[in-house]
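Thanks for coming. I will keep this short and go through one model, starting with its charged side chains and ending with its hydrophobic parts.

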Amino acid sequence: MAKQSGPADKKPARAIDWGEIQARIENSRSAIESGWTPAAGAKNRILKDRARALAQEPRRDEAAGEEIEVLEFLLAYERYGIESAYVREVYPLKELTPLVCTAPFVLGIINVRGQIVSVIDIKKFFDLPEKGLTDLNKVIIIHDDTMEFGILADVILGMRKIALRDIQPSLPTLTGIREQYLKGVTPETVVILDVAKLLTDKSIVVHEEVES
């Protein structure tokens, strides 16, 4: 008597082996590059395998580089941003030592845990309204591979991420010397500074020998 087959006798569906599919795609690609042209049926199978494999792979590259993180702060009641990659630390303005024979925008130097750092008041450099020094002033120490100095901030607002597509060209009101050091402006009117240009500008960099 023949045994009737039931649901329990059915073979389980075979799991898709994505590694095998990827290997087949790579083998086909190598063959094509060496001059072999697949038949129409084989070509269709290759294209289907490739589409299925790509559908399972997250497109991480699409999101890469679309945002920058900035440190936002106030200067003369305007909001500015500096890319966090250039920020070493934020330090309170204290024990400032003025320097003689320097440009008016050079406030002086401070001692940051034994390291002498020059401090720039970019309000004066940008010809912005003076607000005066208070206990709330902070120094944002910016740096790259070759240069480091501090810039004065009236108030630190915090870190935020900004989409690159939201950074638009400078506003008509941001004219004069400021326009030369700006990367752009966000829809919320946060002015993004071009820190790389600030760090390499010879008119800003202070070369001062300090005796120990």
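Which residues are linked in a network of salt bridges? The members are Glu 72, Arg 79, Arg 160 and Glu 188. Before I go into that, please keep in mind that this is a predicted model.

Is Glu 72 buried or exposed? Glu 72 has a relative accessible area of 7%, and therefore counts as buried, the cut-off being under 20%. Its two partners are placed otherwise: Arg 79 is partly exposed at 29% relative accessibility, and Arg 160 is partly exposed at 23%.

On the general point, side chains of opposite charge can pair when their charged atoms come close. In total the structure holds nine salt bridges. Another one of them joins Asp 121 and Lys 123, with the closest N and O atoms 3.6 Å apart. Both Asp 121 and Lys 123 are buried.

Now the overall layout. The chain has 212 residues, and 35% of them count as buried. It contains five helices and 10 strands. Its accessible surface comes to about 13,800 Å², with 52% of that belonging to carbon and sulfur atoms. If you take the contacts between residues at least 6 apart in sequence, 57% of them join residues at least 24 apart.

Val 185 has Val 191 of strand 10 as its bridge partner, and Gly 184 stands opposite Ile 192. The hairpin has five residues between these two strands, and Thr 189 takes a positive phi there, near 65 degrees.

Thr 186 is in the loop between strand 9, residues 182–185, and strand 10, residues 191–193. Is Thr 186 buried or exposed? Thr 186 is at 5% relative accessibility, so it counts as buried. Leaving out residues up to four places away in sequence, Thr 186 touches Ile 162, Asp 166 and Ile 192.

There is another open sheet of five strands, in the order 3-6-7-5-4, also listed with mixed pairing. Strand 3, residues 87–92, and strand 4, residues 106–112, are its edge strands, each pairing on one side only. The twist from one strand to the next averages 30 degrees. Within this sheet, strand 6, residues 138–143, runs antiparallel to strand 7, residues 148–153, and six bridges join them. One of the pairs is Lys 138 with Ala 153 of strand 7.

Last, the hydrophobic parts. The largest nonpolar core has 31 residues. Which residues have the most contacts inside it? They are Phe 73, Ile 82, Ile 140, Ile 151 and Leu 193. Ile 82, aside from neighbours within four places in sequence, is in contact with residues including Val 70, Phe 73, Ile 140, Ile 151, Leu 193 and Val 195. A second, separate core has 10 residues, among them Leu 93, Val 119, Ile 141 and Leu 152.

Val 195, one of the contacts of Ile 82, is in helix 5, residues 195–200. Val 195 counts as buried because its relative accessibility is 2%. Beyond four places in sequence, Val 195 touches Ile 82, Glu 83, Tyr 86 and Ile 142. From Val 195 to Gly 81 there are 114 residues in sequence, but 9.7 Å in space, C-alpha to C-alpha.

That is the end of my part.

Note on methods: Residues are numbered from 1 along each chain as its sequence is written. This is a predicted model: local features need pLDDT of at least 70, side-chain atom pairs count only at pLDDT 80 or more; totals for chains, interfaces and linings use all residues. Side-chain values use heavy atoms; hydrogens and water are left out. Helices (H or I, at least four residues) and strands (E, at least two) are DSSP runs, numbered from the N terminus. Buried means under 20% relative accessible area, exposed over 50%, partly exposed in between (1.4 Å probe, protein chains only). Contact means heavy atoms within 4.5 Å. Two strands pair if DSSP finds at least two bridges between them. A nonpolar core is a set of buried Ala, Val, Leu, Ile, Met, Phe, Trp, Tyr and Cys residues joined through side-chain atoms within 4.5 Å. Accessible areas come from the Shrake-Rupley method with a 1.4 Å probe; for residues, only the protein chains shown count as cover. Axes are lines fitted to C-alpha atoms, for helices over the stretch in contact, and angles run from 0 to 180 degrees between N-to-C directions. A salt bridge is a side-chain nitrogen of Lys or Arg within 4 Å of a carboxyl oxygen of Asp or Glu.
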